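Work through the exercises below with the sequence and the model at hand. Each task is followed by its solution.

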Amino acid sequence: MGLGGCIVLIAVGAILAFATDWHLAGVNVPLVGFILMIVGLIGTVTFTSIARRRRVVVPPSATVVEEERHHHRHHGDGYTDGYGI
């Protein structure tokens, strides 16, 4: 479950706990709302702690090494290696 799912659980739980006056036989709707909010909070804390551990900070390197590439061009004389072979 991602961070969005945790936030949805918190929102639905708050709606059930504070904004409804439903009475269902055998179901305590405000208690279900509080349980959903608690599960959402636990998920949010877990997700953020895992995301914090996954973040890898790479320090900038002090030296930059550029590879020098030599391009051998054919000058039309038939000698490309410098030795005439």
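**Exercise 1.** State how many helices and strands the protein chain has.

Solution. The protein chain has 2 helices and 0 strands. Helices (H or I, at least four residues) and strands (E, at least two) are DSSP runs, numbered from the N terminus. The model is predicted: local features need pLDDT of at least 70, side-chain atom pairs count only at pLDDT 80 or more, and totals for chains, interfaces and linings use all residues. Residues are numbered from 1 along each chain as its sequence is written, and side-chain values use heavy atoms, leaving out hydrogens and water.

**Exercise 2.** Find the aromatic pair and describe its geometry.

Solution. Rings of Phe, Tyr and Trp (its six-membered ring) pair if their centres lie within 6.5 Å; planes under 30 degrees apart count as stacked, over 60 as edge-to-face, the rest as tilted. A search of the whole structure gives 1 pair. Its partners are phenylalanine 18 and phenylalanine 34, edge-to-face, 5.5 Å centre to centre with 85° between the planes. Phenylalanine 18 sits in helix α1 and phenylalanine 34 in helix α2, so the pair ties together parts 16 residues apart in sequence.

**Exercise 3.** Classify phenylalanine 18, phenylalanine 34 and tryptophan 22 by accessibility.

Solution. Apply the cut-offs: buried is under 20% relative accessible area, exposed over 50%, partly exposed in between (1.4 Å probe, protein chains only). Phenylalanine 18, at 60%, is exposed. Phenylalanine 34, at 36%, is partly exposed. Tryptophan 22 has 53% and counts as exposed. Tryptophan 22 belongs to the loop between α1 (3-18) and α2 (29-54). Across the 85 residues of the protein chain, 12% count as buried.
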